[in-house]
Number of protein chains: 2
Amino acid sequence: MAAVTIKDIARLLNVSASTVSRALKGSPEIGRETVARVQETARRLNYRPNKAALSLLNARTRTIGVIVPNLGYHFFARALQGVEDEARERGYTVIACQSLEAAEKEVRNVEDMRRSGVDGLLISLAQHTRDLRHLKELQGQMPVVMFDRVSDALSFSRVFVNNVSAAFGAVEHLVKVGCRRIAYLAGPADMMISNHRMEGFRMAVARHRRKVTDARVVHTEFDQPTAMRSAMSMLRRKDRPDGIFAVSDRVAIGAMEAARKMGIAIPDELAIVGFNDEPIASLISPSLSSVRQPTLEMGRMSTRLLIDQIEAGEGFRPVIRTYMTRLIVRASSRRGSKPSKT
Amino acid sequence: MAAVTIKDIARLLNVSASTVSRALKGSPEIGRETVARVQETARRLNYRPNKAALSLLNARTRTIGVIVPNLGYHFFARALQGVEDEARERGYTVIACQSLEAAEKEVRNVEDMRRSGVDGLLISLAQHTRDLRHLKELQGQMPVVMFDRVSDALSFSRVFVNNVSAAFGAVEHLVKVGCRRIAYLAGPADMMISNHRMEGFRMAVARHRRKVTDARVVHTEFDQPTAMRSAMSMLRRKDRPDGIFAVSDRVAIGAMEAARKMGIAIPDELAIVGFNDEPIASLISPSLSSVRQPTLEMGRMSTRLLIDQIEAGEGFRPVIRTYMTRLIVRASSRRGSKPSKT
DNA sequence: AAAACCAACGCAAACGTTTGCGTTCACGGG
DNA sequence: CCCGTGAACGCAAACGTTTGCGTTGGTTTT
C-alpha cells in the first residue's frame with residue numbers, strides 16, 4: 001500500500017536522497033554507474049514521484065480544471081476530449097465537472113476548483129450565468145480561458161467560432177431553399193453566442209429583405225422540452241414561420257418535435273437548421289441540417305492557450321481565437337431539387 | 001497570485017502557525033478570543049488550506065479517478081454526474097477520463113491516475129480490454145470499483161444491473177409482439193454484460209421455443225457504423241430475423257439504420273429493442289424501445305462503495321450491487337394494438 | 001610536492017500543514 | 001510562600017522532493 005519513495009531507494013543503495021533525485025533525471029553531476037543503479041532500482045520498485053510533494057515545492061499542481069454546462073451534450077464531451085489530449089501531451093491532469101446549466105452550481109464548481117488548487121481554469125458558461133463575480137474574482141489570480149459560451153465582460157482568453165457569419169450562412173441557406181417567414185429560435189437573451197447568431201440572422205434577413213416577408217426572434221432555453229414548448233406556441237400562430245434557425249441542435253430537435261405533433265411537414269412546410277452538428281443530427285429523421293464546428297480542435301486550442309498562460313506567468317495578454325464553421329445540409333432543409341442521400 | 005497560507009495569518013496576528021492551525025479547527029486548547037481573531041482573519045484573507053500539503057501529510061489526496069469508455073454515450077455522462085454528486089458530498093474531487101473503447105488508452109489512463117495519486121479508482125471497461133493486468137496490479141494497492149462494464153476475473157466491488165433478467169424481459173416482449181425469428185446483436189464475445197444479456201436471450205428463447213423458430217447471436221462492436229454493417233449482413237439473409245434485441249442503443253440504432261437502407265419496415269417487418277434508454281431513443285423515429293437502468297443512482301452507489309473502501313482501509317471485502325431495470329416500450333417494437341403516444 | 005581542480009556525492013533548507021510534546025504564566029490551594 | 005495545576009500557546013518534526021552549497025576524495029598542473 002505504501003508507495004515507494006526516493007528515500008527508500010536511497011536507503012537501499014546507500015546513497016543520499018539528493019543523489020537519487022539527481023540520478024533519476026540523469027544529472028551529469030552523478031557518476032555513470034550510480035545513475036544506472038538508481039534508475040534500475042527505481043524501475044524495479046515501480047517508483048513514481050509523489051505529486052503532492054512536487055506541488056508543494058513548485059506551488060503548482062500541473063492540473064487544470066474544466067467546467068462545462070453538460071457533458072450529455074455531445075459538443076462538450078467532444079471538446080473535453082480535445083482538452084484531455086492536449087493536456088496529456090503537456091503533462092497536465094484534467095479535472096472536469098458540469099454546471100448542468102445552473103449558475104449556482106457553476107459558482108460551486110469554481111469554488112471547488114480553487115480549493116483543489118488547479119493551475120488554471122477552462123470554462124464554458126452555463127446558460128443562466130449572468131452574475132460573473134465568481135469569475136471576476138479570478139482575474140489576476142489564476143489563468144482562465146473561456147470557450148464557446150464566452151463573455152466579453154471578462155478579460156480572459158476566448159475561443160469560439162465566428163457565430164455571426166455562421167448564422168448568416170445558415171439563414172441565407174434557408175432563404176435560398178424558399179423560406180419567406182423565418183424565425184430564430186434563440187437562447188437566453190443575454191448569452192453572447194446566442195446574440196452573435198442573432199446578429200448574423202438579422203444581417204441575412206436584411207440582405208434578403210425583398211424575399212423575406214417576416215423575421216422574428218423567440219428566446220428559449222437549451223433543454224429540449226422547453227424548446228419544444230416555445231416552438232409550439234410559435235407555430236400555433238396564423239402566420240407561422242416556414243423556416244427556423246435554431247441556436248443549437250437540441251433546440252432544433254425540440255422544434256422538429258413540435259412540428260411533428262402539429263402535423264407540419266419538414267422540410268416542405270417548415271425547414272430547420274440547427275447548430276453544432278451533434279451525431280444525433282444525422283440519426284433522426286428527417287436528418288437535421290446543422291452548422292459544424294471544429295469542436296475537438298477548439299478544445300485543444302483552449303487548453304494550449306491556458307497552459308501557455310500558466311507557464312508564461314504574469315506577462316500574458318488575453319488572446320482571442322475564432323474558428324470557421326461549415327454548414328452541413330441535410331433533409332430538414334432540403335427542398336425542391338431531387339433528394340440525395342445522407 | 002501567491003495564495004495566503006497559515007504562516008501569513010500567524011505573522012499577521014503574532015502567533016505561531018500551530019496556533020492558527022488549531023484555531024481554524026476550533027480546538028479547545030486555544031483561547032476564545034484568539035480563535036475568533038484567527039477565523040476572522042482567515043475569512044477576510046480568503047484563506048484556503050493547501051491541498052498538496054495536506055496530501056503530503058496524510059498520504060491521501062481525497063481525489064478519485066473515473067475511467068469510462070466514452071462520455072459521448074449519454075449513459076456514462078449521466079453516471080458521471082451521480083459520481084460527482086456523491087463525491088462532492090463526501091468531500092472528494094473527481095478526475096475523469098475516457099478510454100474511447102481502446103484498451104491501450106485505458107492502460108495509459110490507469111497509469112495517469114496512479115501518477116496523479118488518486119485514492120481510488122472507478123472504472124467501466126473499454127470494449128476491447130481483455131488483458132486485465134493493469135487492473136490486477138492494483139489489487140491490494142488501491143481501492144477499485146467497477147461499474148456496468150465489469151469483469152469477474154478481478155476481486156473488486158462491482159455495480160451493475162441484472163443483465164440476465166433484463167434481457168429475458170426484452171426478448172420475451174419481442175416474442176409477445178409476434179416475433180418468431182429473433183436475433184441478439186451482441187457486443188464483443190468476451191464482455192461480461194454482453195454475455196449475461198446473451199444468457200437472458202437464450203433463456204427467453206428456451207422458454208418460448210414453441211413459438212420461436214430461429215434464434216441467433218451476432219457479435220459486433222459498440223460503435224454505430226460497425227453495428228450497422230453487422231446488422232446489414234445479417235438482414236440480407238433469406239431467413240432474416242423479424243426481431244432484434246441489441247446490446248446497446250447505439251447498436252440498436254445501427255440496426256435501424258440498416259433496416260431503413262434495405263427498406264425493411266420497423267416495427268412491422270422487424271421489431272427492435274435496445275439497452276440503456278438514452279435520450280436519443282425517444283427522439284429518433286420510430287422511437288426505440290429500450291431497457292432503462294437507474295444510471296444516476298448506479299454512479300452514486302459506485303462512488304459510495306469506493307469511498308467507503310478508501311476510508312475503511314485494509315479491512316474491506318469486495319461488494320456486489322445489482323440494480324433492477326425497466327423495459328420502456330416504444331414504437332420500434334409496438335405492433336398490432338392501436339398505436340399510442342411517446 | 002604543494003596548489004589547484006574536478007568529479008561525485010552529502011547536507012540542509014524549503015514548500016504548507018498537522019500534532020505530540022514542551023514551555024510559560026497566572027492562579028489557587030496548602 | 002511554594003508547589004501544583006491547568007489554560008494558552010510555541011517548538012520541532014514529519015510528509016517527499018528539489019537544489020544551492022558544501023564536503024570529500026583523487027587527479028592533474030606547475
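View 1. B:D239 is partly exposed, with a relative accessible area of 31%, while B:R216 is buried at 15% (buried means under 20% relative accessible area, exposed over 50%, and partly exposed in between, using a 1.4 Å probe and protein chains only). Their side chains meet in a salt bridge, 3.2 Å from N to O (a side-chain nitrogen of Lys or Arg within 4 Å of a carboxyl oxygen of Asp or Glu). B:R216 belongs to strand 7 (residues 214-219) of chain B and B:D239 to the loop between helix 10 (224-235) and strand 8 (243-246), so the pair ties together parts that are 23 residues apart in sequence. Helices (H or I, at least four residues) and strands (E, at least two) are DSSP runs, numbered from the N terminus.

A word on what you are looking at: this is a predicted model, in which local features need pLDDT of at least 70 and side-chain atom pairs count only at pLDDT 80 or more, while totals for chains, interfaces and linings use all residues. Residues are numbered from 1 along each chain as its sequence is written, chains are lettered from A and ligands numbered from 1 in the order in which they are written, and side-chain values use heavy atoms, with hydrogens and water left out.

**View 2. Salt bridges within chain A.** Side chains of opposite charge can pair when their charged atoms come close. In helix 1 of chain A, A:D8 and A:R11 sit 3 residues apart, about one turn of the helix, and they form a salt bridge with the closest N and O atoms 3.6 Å apart. A:D8 is partly exposed at 27% relative accessible area, and A:R11 counts as exposed at 58%. Elsewhere, A:R90 and A:E86 pair through their side chains at 3.8 Å, N to O. Here A:R90 is partly exposed at 22%, whereas A:E86 is buried at 3%. Both belong to a network of salt bridges that links A:E86, A:E89, A:R90, A:R300, A:R304, A:D308 and A:E311. Over all chains, the count comes to 46 salt bridges.

**View 3. The surroundings of A:T129.** Look for A:T129 in the loop between strand 3 (120-123) and helix 7 (133-136) of chain A. A:T129 is buried, with a relative accessible area of 11%. Its side chain makes a polar contact with the side chain of A:E106 at 3.1 Å (a polar contact is a pair of N or O atoms within 3.5 Å; within protein, one must be able to donate a hydrogen and the other to accept it, and residues adjacent in sequence count only if both atoms are side-chain atoms). Leaving aside neighbours within four places in sequence, A:T129 is in contact with A:A103, A:E106 and A:H134 (contact means heavy atoms within 4.5 Å).

**View 4. Where chain B meets chain A.** Each side has its part in the contact: 44 residues come from chain B and 44 residues from chain A. About 3,800 Å² is buried between them, with carbon and sulfur atoms giving 52% (buried area is the accessible area, 1.4 Å probe, that two parts lose on being put together, summed over both). The interface holds 6 salt bridges, and A:D112 forms a salt bridge with B:R88, with the closest N and O atoms 2.7 Å apart. There are also 6 residue pairs in polar contact, both residues at pLDDT 80 or more. On the chain B side, elements giving two or more residues include helix 5 (74-89), strand 2 (93-98) and helix 6 (103-116). Helix 6 of chain B supplies the largest share, 8 residues.

**View 5. The protein around DNA strand C.** A polar side-chain atom of A:E29 lies 2.6 Å from a base nitrogen of DNA strand C, and one of A:R22 lies 2.8 Å from a base oxygen. B:N50 brings a backbone N or O atom to 3.2 Å from a phosphate oxygen of DNA strand C. B:N50 also caps the N-terminal end of helix 4 of chain B, where a side-chain oxygen lies 2.7 Å from the backbone nitrogen of B:A52.
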